[in-house]
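Let's take a friendly walk through a protein model. Have the sequence and the 3D view ready, and turn the view as you read.

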Amino acid sequence: MKISTKGRYGLTIMMELAAKYGEGPISLKSIAEKNQLSEHYLEQLIAPLRNAGLVKSIRGAYGGYVLSREASEITAGDVIRVLEGPISPVDFTEEDDPAKRNLWLRIRDGIANVLDSTTLFDLISYQEQDTADNYMFYI
C-alpha cells in the first residue's frame, strides 16, 4: 500500500493543527507556507476532513481550522481512511489462494494496527532517539 500525497499532506495539516491545539484557528495559508505546499491543494484536502468531523472551520478575519477534539483522540488511521479510503494492500477476490488471502489480510491488519495505534499527539511528540551514545565497539 502506498500513501499518496493526499494522505501525506492531510496528515501534515492535522499535525500542524494538533501542534497548535487550544491556541485558536490556524489558516491553511500559514500551513501551506510553513510546509512549502500548495494552499489550493490543502483546501481540497480539508473539506473531507471537515465532513468527517475531524476538523472544524472558524469563519472571519482571524478564522481558520481547529481540531474537533484533542490530538490524543485522533489517529493517523482516522486521517488516512478519510483521504485514501479503506486500508487494503490488494483487492480481494474469491479466486485467490487461501494462503495468499491470509497474507494480504495479515498485511492489511498490520498496517491498520500501526495507523490506529498512532495518534496525532504521538506524531507531534515524536523525538528521534539519540544514537550518538549507543555505539558498540568490538575488539
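Two residues are in contact when they have heavy atoms within 4.5 Å of each other. With that in mind, consider the contacts in this protein with a separation of 6 or more: residues 24 or more positions apart account for 64% of them. Please remember throughout that this is a predicted model.

**The overall picture**

How many helices and strands does the protein have? The secondary structure comes to six helices and two strands. The protein has 139 residues, and 29% of them are buried. Its accessible surface comes to about 9400 Å², and carbon and sulfur atoms own 50% of that area.

**Two helix pairs**

Two packed helices are described by the angle between their axes and the distance between the axes.

| Pair | Angle between axes | Distance between axes |
|---|---|---|
| α1 (residues 5–19) and α2 | about 110° | 11 Å |
| α2 (residues 28–35) and α3 (residues 39–51) | roughly 125° | within 9 Å |

Take α1 and α2 to begin with. Angles of 65 to 115 degrees count as roughly perpendicular, and the angle here is about 110°, so α1 is roughly perpendicular to α2. The crossing of these helices is right-handed. On the α1 side, T12, I13, E16 and L17 take part, and they meet I31, K34 and N35 of α2. Sorted by class, this contact holds three nonpolar, two polar and two charged residues.

**A residue in a loop**

Finally, find D91 in the loop between α4 (76–84) and α5 (98–116). Is D91 buried or exposed? A residue counts as exposed when its relative accessible area is over 50%, and D91 has 71%, so D91 is exposed. Look for W104 as well: D91 and W104 are 13 residues apart in sequence, and their C-alpha atoms are 9.1 Å apart in space.

Note on methods. Residues numbered from 1 in each chain as written. Predicted model: local features only at pLDDT ≥ 70, side-chain atom pairs only at ≥ 80, totals over all residues. Heavy atoms only, no water. Axes fitted to C-alpha atoms, helices over the stretch in contact; angles between N-to-C directions. Helix = DSSP H or I, 4+ residues; strand = E, 2+ residues; numbered from the N terminus. Buried < 20%, exposed > 50% of the residue type's maximum accessible area, 1.4 Å probe, protein only. Parallel < 35°, antiparallel > 145°, perpendicular 65-115°, else oblique. Left-handed = near helix turned anticlockwise from the far one by under 90°. Nonpolar A, V, L, I, M, F, W, Y, C, P; charged D, E, K, R; others polar. Areas by Shrake-Rupley, 256 points an atom, 1.4 Å probe, with all protein chains shown as cover.
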